[in-house]
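Here are my notes on the model you sent.

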Amino acid sequence: MSELEVLNLVKQSQEQLIIDHVSFHIADGEFFVLLGPSGSGKSTLIRLLCGFETPDAGQIILNGQEITNQLNHHRNLAVVFQDYGLFESMNVFDNIAYSLQNQHMPRKEIEMRILMASEVLELKSLLKRALTDLSGGEVQRVALAKVLVKDADLYLFDEPLSQLDQKARYRIRQEIMMIHHLKRKPTLYITHDQNEAFAMADRIAVISDGKIQQIGTPEEVRNRPKTLFVAKFLSDPPINLLESYLQYHDVRYHMTTDGLQLILPTRWTNGLARLGPQSKISLGLRPTGLIPQWDLPTLEGVPHVRAQTQVMAVEPMIGRVLVQLKLGFHTLLTAEFDDDHPQALYIGAMLIIGIKMEEFLLFHPTSGELLN
Ligand SMILES: Nc1ncnc2c1ncn2[C@@H]1O[C@H](COP(=O)(O)OP(=O)(O)OP(=O)(O)O)[C@@H](O)[C@H]1O
């Protein structure tokens, strides 16, 4: 059994808090993804976990033992770095063998492990090659082989796909998941790519400015983003944000936005009460949450609202179509539909859309917290 506990970790530079009271837990066998934009503190967190830097406060506990200030070589970790962390002067075999030799593992055992890893990762014919004679995808597989031959307590991957093309990314992603299923140890995978995060994670932590914004399953963070930052970061195409006005009367909240007026469900009243009886509010609507009129029968029996819109622009994609819709007098909405009704989508066409109530995301106008 292995598990990682990170408690209130803080790392400060002269100018800023790089890691701002970060806490999370990774269970045995869990694939945990830290997802955040460039500069959000992801690599710093990996360096703290590796022992290349020491935190200003907080604790790192691995298998019940505090390792916060332990030296890197005393931590039993397997790491794939963004730049692979391999030695160009060594051939493939020696690169894979390096950390095992440092552990004084017998030669026979090293050879056996490398044989097994090179079979799994299809590196057998490359073992004698110089690292400089490999493709980007092959170099990455060498970095994975280094991880596969180790028996570590914690597996760390720092943006391991960022230097690969789309095809190689897919293959390496499958291989990382295979290694994870073979090892079944706590794994922290860092990325700025939400598609990668959703494809791989058991749970995702979204980080921005050194602060964890939300931790949850892919479904939880996608469907119930806790903050406007998370909603914006996870929505591709970008989430529609509408300035709206909230009023409390006749024991219900009423919301008005350009082109939409609705009475909100009473189950949202407690969350909205913080705003008082009259307030601005930010309404988030994901492009995939807008249902075109030919699919309205699917909303039968589901609480939803309908609105009249006009098509302003149409952008075909593979199997999908992005449509810009005008709502009310001046609001522009982006919608993403299946591309199965091209004849209905021309500039100027009038289109009724449906929006499920559960798709309405109401954010605090200043703090950006989700209120419903
Ligand atoms: N040693 C340091 N001294 C001062 N500031 C630093 C130091 N290391 C990192 N930073 C700053 O801390 C912030 C987080 O950096 P970090 O490299 O951890 O982010 P990241 O999420 O890994 O970004 P990327 O995805 O671009 O690699 C950035 O603003 C960076 O400039």
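**Notes on the predicted model**

1. Strand S1 (residues 4-12) and strand S2 run antiparallel and are joined by six bridges. Within this pairing, valine 6 has phenylalanine 24 of S2 as its bridge partner.

2. Helix H1 (residues 42-50) packs on the sheet and touches S1, S2 and strand S4 (57-62). The direction of H1 makes about 65° with that of S2.

3. The sheet itself is open and has four strands in the order S2-S1-S4-S5, paired antiparallel. Strand S2 (17-26) and strand S5 (65-66) each have a single partner strand, so they stand at the edges and one side of each is left without a neighbour in the sheet. As background, strands of a sheet pair through backbone hydrogen bonds.

4. On the domain level, the assignment for the protein chain gives domain 1 (4-234) and domain 2 (240-363). The centres of domain 1 and domain 2, taken over C-alpha atoms, are separated by 39 Å.

5. The largest nonpolar core has 89 residues. Val33, Leu144, Ala145 and Leu156 are those with the most contacts inside it. Helix H4 (residues 136-148) contributes seven residues, the largest share of this core.

6. Leucine 144 deserves a separate entry. Apart from neighbours within four places in sequence, leucine 144 is in contact with Val80, Leu121, Glu175, Ile176 and Ile179.

Methods. Residues numbered from 1 in each chain as written. Predicted model: local features only at pLDDT ≥ 70, side-chain atom pairs only at ≥ 80, totals over all residues. Domains from an automatic or database assignment. Pairing = 2+ DSSP bridges. Helix = DSSP H or I, 4+ residues; strand = E, 2+ residues; numbered from the N terminus. Contact = placed C-beta atoms within 7 Å. Axes fitted to C-alpha atoms, helices over the stretch in contact; angles between N-to-C directions. Core = buried A, V, L, I, M, F, W, Y, C linked by C-beta atoms within 7 Å. Buried ≥ 20, exposed ≤ 12 C-beta atoms within 10 Å, placed from the backbone.
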